[in-house]
Amino acid sequence: SNIKIKGILRHILYCGHCQSTMAPNYTRNRHHKEYFYYRCTSTLGLATRETCKIRNLAMADTDRIVLNKILDLATEKQLGIIQTQINTQNANTAKQIKTIELQVDGLQKQLKTIRLKKETYLDSLVKNQFQNDERQSINAKIEEFSLEEKQLQAQIYAGQFALAQKQVQLYSVDDLKRELIFLKVNHKTMSDVQIEEWLVKNIEQVTYRQQGITLRLKNYPVEV
């Protein structure tokens, strides 16, 4: 009969030895009992014995260990550690934002100066009579200012874009707290599908190493 292999970690579990994904798999013993596990995909289809040192992880045990590790994050101590990491990241980002803001401000001042100079030359063309060569010289200067204006505008737009990107990198731990508390309160009544959906939404990557498991949180610059 066909066996439907679930595995709540199937989209986020990685091998810490070779960095390959780990996929749900199963086998049967001679009594037709199924054993479910995660297999390092680097070993699939290989005849050689020189394969990944981790190879296989028992599915039920791995699911339990990972889920417990995530639930342990919903404590005052662990959330404090995460908050400290986020505060450090935010402080660095805030410095970068300030630097970009100063750069954009400087460019805007340069642009204002160039526009004033350009206006002065344009006004002179309207108010005064010039010889051909003088008029050509003034027009050349106006074109020069126009080019500088376009270049400064492009630099300002690039700076504003970089600023917007940095601003979305200022993180708040509040959303993470809500998600972790929700899981802690409800995980016993949640189906495997619901837990898997929660994991995909909130966990970027689970890495299994012989020394232990590392979690990379989604939307946060944090590993635990």
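User: What makes E2, E3 and E4 an open sheet in this predicted model?

Analyst: The three strands run in the order E2-E3-E4 with antiparallel pairing. Strand E2 (22-28) and strand E4 (56-58) stand at the edges with a single partner strand each, so one side of each has no neighbour in the sheet. Neighbouring strands are turned by 35 degrees against each other on average, direction ignored.

User: How do you know that E2 and strand E3 pair?

Analyst: Pairing requires at least two bridges between the strands. E2 and E3 (residues 34-40) have seven bridges, in the antiparallel sense, so they count as paired. Thr-27 stands opposite Tyr-35 in E3. Helix H1 packs on this sheet and touches E2, E3 and E4, its direction making about 75 degrees with that of E4.

User: Why is Leu-102 called exposed?

Analyst: The cut-off for exposed is over 50% relative accessible area. Leu-102 has 54% relative accessibility, so it counts as exposed. Leu-102 lies in helix H2 (residues 76-127).

User: Why are the buried residues of H5 said to line one face of the helix?

Analyst: In helix H5 (residues 192-202), the buried residues are Ile-195, Glu-196, Trp-198, Leu-199 and Asn-202. Seen down the axis of H5, they fall within an arc of 160 degrees, so they line one face. They pack against helix H1 (59-72), helix H4 (174-186), strand E5 (203-209) and strand E6 (212-217).

User: What makes E5 and E6 a pair, and in which sense?

Analyst: E5 and E6 share six bridges in the antiparallel sense, and at least two are needed. The two strands form a hairpin with two residues between them. Val-206 has Leu-215 in E6 as its bridge partner.

Technical notes. Residues numbered from 1 in each chain as written. Predicted model: local features only at pLDDT ≥ 70, side-chain atom pairs only at ≥ 80, totals over all residues. Heavy atoms only, no water. Buried < 20%, exposed > 50% of the residue type's maximum accessible area, 1.4 Å probe, protein only. Helix = DSSP H or I, 4+ residues; strand = E, 2+ residues; numbered from the N terminus. Arc of directions from axis to C-beta. Contact = heavy atoms within 4.5 Å. Axes fitted to C-alpha atoms, helices over the stretch in contact; angles between N-to-C directions.
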